[in-house]
Amino acid sequence: MSLLQDAASELLYPILPIFLTVTLGAPVAVVGLVEGLAEGAASITKLAAGFFGERFDKRPLIGVGYGLAAVGKVLVAVAFGWPLVLLARVLDRFGKGLRGPPRDALLVEGIPVEARGRAFGFHRAADTLGAVVGPLVGLLGYQLLDHQIRPLLVLAIIPALLSVMLVAAVRERPRAPRAGPASNVFRGVRELPRPYWQVLAPLVAFSLANFPDALLLLRLHDIGFSVPALFLAYVGYNLVYAAASYPAGLLADRLPRQRVFGIGLLFFAVGYLGLGLTQSPLLAWVVLALYGLFSAFTDGVGKAWISTLVPAGQQAGAQGTFQGLTGLGVLLAGVWAGLAWGSDGHLPLIVSGTAGALVAVYLLTTTTRTSGQRLSAV
């Protein structure tokens with residue numbers, strides 16, 4: 001399901017900034033606004049979806065989430081103004097927020113703590129393989145359809161719908177809903193243990209520098225990448241991300257996950273600073289590949305790290321809060337970076353790259369008991 005839905009999303013992602021700014025005539029700030037608000041919608045939804053996933057069956061939430069993402073892609077295909085693209089992206093990410101925490105909680109059912117890095121790494125590898133297939137299909141369609149963008153938007157609907165159909169194959173252990181009101185999200189947040197919040201604080205701080213990748217693609221376009229080159233560059237990034245996700249998860253099962261995450265942030269700093277400073281398309285290809293290691297060393301590793309800090313009954317809520325708060329950070333990062341983009345975007349890239357390096361040094365040089373591999377309550 002993740003592979004197919006990501007193939008649909010990532011078929012669109014490399015061309016969406018160009019579709020907004022060239023086809024629809026939106027200013028660059030709108031790209032940051034659209035992606036920031038979209039991620040913000042996902043973030044707010046994750047905060048609630050995690051705790052709903054603890055009280056009710058997870059499969060219905062997962063199904064609705066994938067369904068809303070498919071509807072969002074339909075709206076993008078028929079959009080003739082950027083406000084409808086904004087609505088479509090928000091709806092798409094709303095679905096992502098609804099499905100993410102219960103899906104991630106379902107992934108760790110029956111998985112021992114010492115193997116969770118591998119479990120999330122395998123999932124991220126499959127998910128990111130969709131991000132390789134999608135842009136390749138998009139590039140082929142772009143070339144065969146005489147460089148027209150809108151037919152590609154329609155093409156993305158197909159794998160999205162197939163992903164929704166696969167929800168019928170999901171199984172989970174039946175259980176009765178918890179007693180009490182289902183909407184008391186804030187109480188659930190307060191019940192999360194202190195070590196969890198100690199880990200969450202630097203990760204949320206970093207998210208304020210981690211603006212949406214759509215702006216990185218816009219930077220590549222400013223450097224001189226053509227639309228086909230953007231597709232191929234994005235495929236290269238995702239190939240590195242997919243190939244390195246499982247090894248990074250395996251490493252996170254053998255070393256403190258705090259250290260592995262910190263290594264990932266070093267790759268983030270190299271990626272952002274490199275793209276901010278270079279004007280060479282060749283060097284940009286190399287830097288973007290290194291940036292793929294950032295995603296591999298932080299995405300699944302972060303989820304695995306968080307999963308070891310809370311007991312089994314709080315997994316969905318913990319994942320939802322983690323993904324929700326860091327997603328809100330990405331929202332704010334997208335807004336400030338879009339407004340500060342200027343003519344070529346080098347300034348926000350340098351600022352964020354420096355911030356990422358500082359957080360990486362903090363994680364690599366500090367030792368806390370929360371960086372361990374086990375939690376007896378899990």
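1. Ala, Val, Leu, Ile, Met, Phe, Trp, Tyr, Cys and Pro count as nonpolar, Asp, Glu, Lys and Arg as charged, and the others, Gly among them, as polar. By these classes, the lining of the second largest cavity has six nonpolar residues, no polar ones and one charged.

2. This is a predicted model, in which local features need pLDDT of at least 70 and side-chain atom pairs pLDDT 80 or more, while totals for chains, interfaces and linings use all residues. Residues are numbered from 1 along each chain as its sequence is written, and side-chain values use heavy atoms, with hydrogens and water left out.

3. A cavity is a set of points, on a 1 Å grid over the protein atoms alone, where a 1.4 Å probe fits but cannot get out; lining residues have an atom within 4 Å of a point. A volume is the space filled by probe spheres set on the points, which are joined across faces, edges and corners. The whole structure holds two cavities of 30 Å³ or more.

4. The largest cavity has a volume of about 1100 Å³. Its lining has 46 residues, and Glu39, Lys96, Arg124, Asn210 and Asp299 lie nearest its centre. Helix 14 gives the most to this lining, seven residues. (Helices are DSSP runs of H or I, at least four residues, numbered from the N terminus.) The lining divides into 16 nonpolar, 15 polar and 15 charged residues.

5. The second largest cavity holds about 40 Å³. Among its lining residues are Asp213, Tyr234 and Leu288. Helix 11 (213–223) supplies the largest share, three residues.

Methods
On a 1 Å grid over the protein atoms alone, a cavity is a set of points where a 1.4 Å probe fits but cannot get out, and a pocket is an open set with protein on both sides within 12 Å along at least five of seven lines; lining residues have an atom within 4 Å of a point. Helices (H or I, at least four residues) and strands (E, at least two) are DSSP runs, numbered from the N terminus.
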